Every structure is written in C-alpha cells, then in structure tokens.
Amino acid sequence: MQSNSRTRHRASVLRQYELIDRVLAYDPEADEALLNRAYVFSVNAHGTQKRASGDPYFSHPIEVAGILTELHLDDETIATAILHDTVEDTVATPDQIQHLFGDNVARLVDGVTKLSKIEAQTENERAAENLRKFLLAMSGDIRVLLVKLADRLHNMRTLHHISKPEKRRRIAKETMDIYAPLAERIGMYEFMKEMQTLAFQQLEPEAYESITRRLDQLKSGGGDRITKIGAGLKTLLARHGVQAEISGREKHPYSIWRKMQERHISFEQLSDIMAFRAIVPTVEDCYAALGQIHRRWPAVPGRFKDYISTPKRNGYRSLHTTVMHAENQRVEIQIRTEDMHAQAEYGLAAHWAYKQDLKVRPETQQQNWIADLVEILENAATPEELLEHTRMAMYQDRIFAFTPKGELIQLPKGATPIDFAYAVHTDLGDQAVGAKINGRVVPLRTEIQNGDQVQVLRSKAQTPQPNWLGFAITGKALAAIRRHLRQVEREQIMTLGRKLYDDILARLPAPLAAGALEEALKRLKLADDVQFLTAIARRKLTDAEVMEALMPGSAGAEVAEAPPQSSAISIEGLAPGVAYELATCCHPVPGDRIVGLRRPDASIEVHSIDCRTLAELAERTDEETDWIDVQWGDATEGAVARITVEVRNEPGALGVIATIIGQHKANIINLRLDNRDTGIHTNTIDVEVHDAHQLMRLLAGLRAVEAVAGAERA
C-alpha cells in the first residue's frame, strides 16, 4: 500500500471521475451526487490557495480521500475527507456544510477540523488540545480518526516541501508521539510504519541515512536473499500440503533503529532485520505451517507469540515466530489467513466497510479502548499529563491476564494489580486493598506476568493512596489516582484556608460588616471565596494583605502580627504529600510537640519542636516563612517514625527484632542496613506507630532484647 500511495502522490491529482469511479468500484450504491457536490465545493472553496509544494491546495483533500478509498470506506467518509479543510481554511461555514451535505458529514467535518493555532500555547498544549479534540470526536464516530490519520499521512508525505526545519521537526514529533501510536492502536500498521519512517527521517536524519544506506548495501552484497528464503519457505509448506502466499521484506528503518537503541547494539550486531509473511487459507493451516517451520529450523526462545488465540487489543491476529535460518541468520515469520491479513493491513477500518453502520458497530475492544482514553481525557489536569497518560495507553507492549471468571484483560508490560483493577472498573481500582495472583496473596506493587490470573481484594473503606503513583503504570490508573488526590488536596486546602481565615478574623479590631468579604474579593481581584481560601492556605496572600482587604487600615503594626496565644490549628487525619506533610528530617508522631512551617505555594511542613533542621531554619532570616502553632487532632491517624537499631551479628537477630515490632502492633515500612562491622550491624528502620507513647514502649522493648545493643529514635 505504501509504495502505491507514494506513486499516486507523484502523479497529477485525482480527477473527479477517477475518485468517484474508485468508490463505485467497491460500493455501487454509493451516493454519487454527494461525492460530486463535495469535489466541486472543495475545489471552488480552496480556489487559488497553494500548498508549500506549489500544488493547488485542493489537491491535498482529494489525495486524502484517495487514500481512504483504498480502505473501502463509505461515501460519507470520502465526502468528509474532501471537505475536511474547508471550514478552517476557507470562507465556508459549518451551516453551509450541513445544508449541502447533511448532518452526518457536517458532524464528521467538524470533528476533523483542526484547532486554530494559538501562538501563546506551548507545543505540549497545542498537541494536547489537538489530541483532546480527536478523543472526544472519535468517541462518537471512529471515522473522524480514520480521516484524520489519512490527512496526517498525506501531510507527512509532503512534509519535505516545508522550508522551516523547526516546523518540520515539530510536525514529525507530533506524528511520532500521537498519530503513529493512534494508527497502531487501531491496527492500521501500514499507516503507522509509513508515518514512523517519514517522521524518523526528519527527527534523526543521520541515523535514517545510515540505516537506509546499510540496507541497500545488504541487498547488493548478499544477492536477493529475501527471494531465496521466501521461495524455500513456500516449497517447504507446499511439500507438506499447505498452500501459502509468501512475501518478505527488510524491516523499516525506524523499527531497526529502535531495536538498536533498546538493545544497545550496532547495526552489524542486529541479526533479525528480515521479516516474512505467510498467508494461508485457514486457521488450521496457520498452526500446521508453524509446526513445519519449527521442525525445519530451530526456533529462537521467547520469540513465539500466538495472537490468534489471544488477539491484541486492536483486534490483530497472527502467529509470530523467529527461527535461526542458514548462517545463523535470524528470520521473523508471521503466519495468518487472508481475513487476518486484511485486519493487519487496515485495522479497524477493515471492520468499518461501507455497508456497515459505522456509528453503532465498533468492535467491543475498540469501545473499551476509546472509553479508557475519554476517561483519561476527563481526568487529566494539565496538557502534559494528558499526553503522558495517553501515550501510556497507546505505546506499551501488551501482556494478558485473566479475572477469576476467565475474562481476558490486556495490560502493558510491567503492570501491577492496581493497573489491573482500574482496567476492570474504576470503582474496583479506587477500593483495592490487595490482590491474589494465581491464588497467592501479593502486594499491590507486584508485577503481573503474562497469563496470570488476578483477583483484586477490595474494601469500601479504601481510597486511592499517594504511594500508588509509584507503581501504577497505565494512563487510566494514574489519571484516576491523581484525580482523587487532587480532590483530597482541594478539600484539605479549603479546610486549612478556612482555619487560617477564622484566625485572621479573630485578630481584626472589630466584627466585619455585611458585604465586606465581597468587597475584599474585588480588591484582591479574586473570583470567589474558593480562590480566596486557597490563596490564604498556599500563602499567596499574607495575613496583613488579607486584613487590609477585609478592613482597610486594620493591618497596622499593632494588629498585623498574631498574638502569642492565638488558637492552634487542629490537624485531623494528616495526609502526607497533600495539604500537610510530616517532615522527613524528624518524623514527628502523634504525642510529639509540633510546629508548622508555611511557605509560599507549598504545603504545611510539620516538625517536632526539637528538630535540628527546625533549629537551623529558625536562625535564618526569611520573611517568606511563617511559623504556625499546630497540634494533633483527636482523630489523628498513625505516622511513620524512624529508629536506629544496633543489632548483634547473630543468626536470627533480625527475626527477633521483627517479632518485637510486631508484638508492639507496629508495622515495618522500610529497613536499611547503614553500617556493618564484625560484631554489630546498625539498621535504620521506619515503623508505623499510633503515637509517641507506643514508640517509646517499642524502643524499651527492643533495648530489653539481648540481640539488640542499642535502640534510639533517629
């Protein structure tokens, strides 16, 4: 498909009758009048506009439509391709499109229309907004994505006509990061490979030239090895009753370069640069052919994949194997039927042929994938986060795991039970407390292996935890966790802001008049009390600024500072890393005397009153730092304390320590060996305790054990 498409581009633009004849050849019932109107409208609308190549601009949408005729798409999709740039680049209006071509075409054109470039946006913001539009549009009709991919493919084929190198690189990077993965995700591998090759040529021109030159040298130096190997493969299968169409090729330059980067090897060390495809009549023939190939040549361990019994999430099916051919040459072979080949070539488009209802009959797997992407879209807080999560959802290699009921769940390599839980359902992910893998209880951070059966243990009392971000890897899981943490942070920021605001009110010389808060918001140029309380909590506003805004003239020297006996903040349920943080230098626990440290745009740091770091900070002059009198609340949860334990070098000593800690109902979070000598080992242990009293009893219990030479709070 790739070479034919390029040949067509070099020829003159498709004429009106040629394009329509292509559509009628596979869909005799297509609306010929619709296509004629679209062709004439596009030519007239674009008028004398030119592309960077000097070609008439209307040649681009016509070529995009030509690409889509190869996928045998319906007349509405072809009309959309012809019209896709008219609203953005001409005086044509959406109302005109709707009046002349109907609601469906108007909706599709609107979905494909690119956002106007906003110069103030960063590259990430521009790319993220583009992606955001696609996800929303294609969630309603996947044809939007098919037209957009064809549009990008043709733009990449003509990218070399753009004179500015930085613009070419920006478009190529966007193609590599977003469009090629989207094409792969819906199984359109030919689109993906050509996009990657063209983008690679712009992003890494020296590497592209080097690899292309070496591939040419291999062709000229080794004779026609691909033809010889292909003929031998065909003869082998025919001899055993399997009729197969064999085709072979070198892998495309970007694929080769990526393997060189991943394996840290040179081109000469890369042995598997040839790939062959065997297309056979039936599924049974696929497995028969595989058996004969493995009998004839040794299979490379770990390189066999059965995507027929467990298809990829995009519907791709095939058998993959790599064998050691003559002269220790690795050869990759793919075996599939004609139907599987159509799916592999055209992906989701193969399921959306012209006689099918394109809006209501997507494959179930595609519905799930698109739903995942839309959920990521809704949860992403920033353009960077949207791009990060979406790339995760599209890029990573897949593994297969099963629910206890046998349902197949596809995940990226390195996924954990948290990723699995969110893949099943967001509520299950939010409430996960543990997991069983193949019947064995494991921590949530355990990596799932291909073929594992995973059961997620849940509790309605559970909520997403900050430490999950350290081992969740799927975009859907990360987006859901971050959404929850942002909500928790907002709630805690509001609580803190309200407490600080009440403290400021108590220091005013008189009660506030009705409407004083509204006037203060105007003076401070804040939209509402949410922004107001947030600014107070994050110390974007000083106490004096708040007092002056509420009651002008009240922030004099005699009232600007809080009185020594101001009410303390009661800290309920501290949540590290959100609105409050327990300082890691002193690890305060409930029962310790504590003090809060407030800085601009930072959460409150809670230190124990005798913290050495705190003493050092007190000696510095820092007008941006506030000291806050804080205390533990009545419903305070446990905290992590750090202790240093000197252990005698005896068998079982660490086991004794773990037993003592367990007897005191404490929990070991982390253990580190800091110093090892002949007789004594010094260990730093982080333990979760309820309060300082429990910690003191634990230390006393450790000191009473003969295996322990000393135990102190770090």
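## Helix α11 and the basis of the model

The expected span of a helix is taken as 1.5 Å times one less than its number of residues, where helices (H or I, at least four residues) and strands (E, at least two) are DSSP runs numbered from the N terminus. For helix α11 (residues 189-203), which has 15 residues, this rule gives 21 Å, and the end C-alpha atoms are 20 Å apart, which agrees. Helix α11 is also mostly covered, since 14 of its 15 residues are buried, a term that means under 20% relative accessible area, with exposed meaning over 50% and partly exposed in between (1.4 Å probe, protein chains only).

The model is predicted, so that local features need pLDDT of at least 70 and side-chain atom pairs count only at pLDDT 80 or more, while totals for chains, interfaces and linings use all residues. Residues are numbered from 1 along each chain as its sequence is written, and side-chain values use heavy atoms, with hydrogens and water left out.

## The chain as a whole

The chain has 28 helices and 20 strands, and buried residues make up 50% of its 714 residues. Of the contacts (heavy atoms within 4.5 Å) in the chain with a separation of 6 or more, 68% come from residues 24 or more positions apart.

## Helices α2 and α3

The axes of helix α2 (residues 16-26) and helix α3 (residues 32-46) come within 10 Å and cross at roughly 150°; here the axes are lines fitted to C-alpha atoms over the stretch in contact, and angles run from 0 to 180 degrees between N-to-C directions.

From α2, the residues Gln16, Leu19, Ile20, Val23 and Leu24 meet Glu32, Leu35, Asn36, Tyr39 and Val40 of α3. By class, this contact has seven nonpolar, two polar and one charged residues, where Ala, Val, Leu, Ile, Met, Phe, Trp, Tyr, Cys and Pro count as nonpolar, Asp, Glu, Lys and Arg as charged, and the others, Gly among them, as polar. An α-helix has 3.6 residues a turn, so residues three or four places apart point the same way.

Ile437 lies in strand β8 and counts as buried because its relative accessible area is 7%. Val454 is 17 residues from Ile437 in sequence, yet the two C-alpha atoms are 4.7 Å apart in space. Not counting residues up to four places away in sequence, Ile437 touches Pro417, Val442, Thr446, Ile448, Asp452, Gln453 and Val454. Asn438 lies in the loop between β8 (432-437) and β9 (440-442), and has a positive phi of about 55° although it is not a glycine.

Ala415 belongs to the loop between β7 (408-412) and α19 (417-424) and is buried because its relative accessibility is 0%. With residues up to four places away set aside, Ala415 touches Thr446, Glu447, Ile448 and Ile473. Ala415 and Phe471 are 56 residues apart in sequence and 8.1 Å apart, C-alpha to C-alpha.

Ile504 is placed in helix α21 (residues 475-507) and, at 1% relative accessibility, counts as buried. Leaving aside neighbours within four places in sequence, Ile504 is in contact with Asp543, Val546 and Met547; the C-alpha atoms of Ile504 and Asp543, 39 residues apart along the chain, are separated by 6.8 Å.

His587 sits in the loop between β12 (580-582) and β13 (594-598), where it has a positive phi of about 45° although it is not a glycine, and it is buried at 11% relative accessibility. Val595, in strand β13, is buried with a relative accessible area of 12%. Its contacts, apart from neighbours within four places in sequence, are Glu605, Val606, His607, Ile609, Leu614, Trp627, Ile628 and Val630.

## Aromatic pairs

A search of the whole structure finds eight aromatic pairs, in which rings of Phe, Tyr and Trp (its six-membered ring) have centres within 6.5 Å, with planes under 30 degrees apart counted as stacked, over 60 as edge-to-face and the rest as tilted. The rings of Tyr307 and Tyr316 have centres 5.9 Å apart and planes at 70°, so this pair is edge-to-face. Both Tyr307 and Tyr316 are buried. One aromatic cluster is formed by Phe200, Tyr208, Tyr254 and Trp257.
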